Amino acid sequence: MKKHKSLLLILIIAVAILTFSLSACAKTQPAELTPEKAAFYKSWMSHLDDNTRIKNVAILGSHDSGISTTTSIIKDMTKTQDLTIAEQLNYGCRYFDIRVSKNKKGDLTIFHSIDTTGEKFTDIANGLVNFLKENPSEFLVLDFQHFNNESQLSVIDVINSSGLIDYAIKNNTTMSDLDFADSLTVQDMRGKAILIWGSNQANDSTYPYLFRRNNDKCTIENAVLDSLYLSEDNKKPSEKFIEETIPKYFEHIIATEKGLTVLQAQLTAKGLDNLKNLENSHNENMSKFIRSIGDNKIYLNAVNIIMRDFIGSDLEKTNSVLYLNVLKNNIKAVSTALFSNHTKN
């Protein structure tokens, strides 16, 4: 009798977990875009002054960007985006956190933790090529943070075969990668992507289009992109994270004199938390903080890429970041009124 009760309890728990997983991470409809807003988001960089260095542009970034298509039973704990990378582009996102895994068949998919059922990397690469081809005013920051199962060379093969290589900025100068990236202007980058790389192929002269990123603790010298991540700090409740952790991140960003920087503005789950629920508890607070950056001249001058979860869930997630470019004087004079109209709160 006890055995039967135990089996019944296990079955009930299993069904409950499955039901929760399927319902909690069901894809929700993104924020509606009017034709005017869609056109603006697709070409917002066309309004940037050509002489602005890309390290000074406020850019909306996507955390664990390619995991929206996950079919994993644990997707409520791994899914950080509802939209594909191609769809996120339509909401003004221009930085993508790309983590590629390779299976035994050689297929490349996006992974987050143990979930390897994200978008196919070939689809991502083809989509990025199409976007840059159709939108020559824009540029992308593609941050290949992590690789699984030694996928690096296979990823490079797809970068070449998809034609993404033709849009990748290359350092064919005598400058160091850090100095080169630090000098890049919007005009230099229009219609191109900078490929940030999380392994040592970036140090090989064979690959002038790969630029070394720093590690989470930012201990690598001369890295082109810093994205400081203090995992335990990101597990704090939203208000404490903003009050206690964000200043730590800005302290590092301000001290980083050269290269690109990322503000990791998303929360990290403590355990088996549902990531969408976690973001829902944080989203409004974080967007309000981003708006407040305009009141802090030191933060405003330093801010570059701001990384968020669930791009497209609401327009304020995009607008709060893009409007910083008005305050940073990055917008062409002729475009300031239009840009402000689309992004001001």
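## Close-up views of a predicted model

**View 1. Cysteines Cys93 and Cys218.** The sulfur of Cys218 lies 20 Å from the closest cysteine sulfur, that of Cys93, which is too far for a bond. A disulfide here is a pair of cysteine sulfur atoms within 2.5 Å, and a search of the whole structure finds zero. Cys93 is buried at a relative accessible area of 0%, and Cys218 also counts as buried, at 15%. Buried means under 20% relative accessible area, exposed over 50% and partly exposed in between, with a 1.4 Å probe and protein chains only. The model is predicted: local features need pLDDT of at least 70 and side-chain atom pairs pLDDT 80 or more, whereas totals for chains, interfaces and linings use all residues. Residues are numbered from 1 along each chain as its sequence is written, and side-chain values use heavy atoms, without hydrogens or water.

**View 2. Phe121 in the largest nonpolar core.** This core has 96 residues, of which Phe121, Leu142, Phe144, Ile159 and Ile194 touch the most other members. Helix α4 (residues 121–134) gives the most to the core, with seven residues. A nonpolar core is a set of buried Ala, Val, Leu, Ile, Met, Phe, Trp, Tyr and Cys residues joined through side-chain atoms within 4.5 Å. Helices (H or I, at least four residues) and strands (E, at least two) are DSSP runs, numbered from the N terminus. Beyond four places in sequence, Phe121 touches Ile98, Val100, Leu108, Thr109, Phe144, Val155, Val158 and Ile159; contact means heavy atoms within 4.5 Å.

**View 3. Asn214 in the loop between β6 and β7.** The loop joins β6 (210–212) to β7 (225–226), and Asn214 is buried within the model at 3% relative accessibility. The side chain of Asn214 reaches the backbone nitrogen of Thr219 at 3.2 Å. A polar contact of 2.8 Å joins the side chains of Asn214 and Asp226. Polar contacts are pairs of N or O atoms within 3.5 Å; within protein, one atom must be able to donate a hydrogen and the other to accept it, and residues adjacent in sequence count only if both atoms are side-chain atoms. Not counting residues up to four places away, Asn214 touches Thr219, Ile220, Ala223, Leu225 and Asp226. Trp197 is 17 residues from Asn214 along the chain, and their C-alpha atoms are separated by 8.8 Å.

**View 4. Arg308 in strand β9.** Arg308 belongs to β9 (residues 305–308) and is buried, with a relative accessible area of 0%. The side chains of Arg308 and Asn283 make a polar contact of 2.8 Å. Residues in contact with Arg308, leaving aside those within four places in sequence, include His63, Gln81, Glu279, Asn283 and Lys317.

**View 5. Helix α12 and its cap.** Six of the eight residues of α12 (residues 315–322) are buried: Lys317, Thr318, Asn319, Ser320, Val321 and Leu322. Asp314 caps the N-terminal end of α12, with a side-chain oxygen 3.3 Å from the backbone nitrogen of Glu316.

**View 6. Two loop residues with positive phi.** Most residues other than glycine have a negative phi. Glu150, in the loop between β4 (140–148) and α5 (152–161), has a positive phi of about 55° and is exposed at 64% relative accessibility. Asn222 lies in the loop between β6 and β7; its phi is positive, at about 65°, and Asn222 is exposed, with a relative accessible area of 59%.
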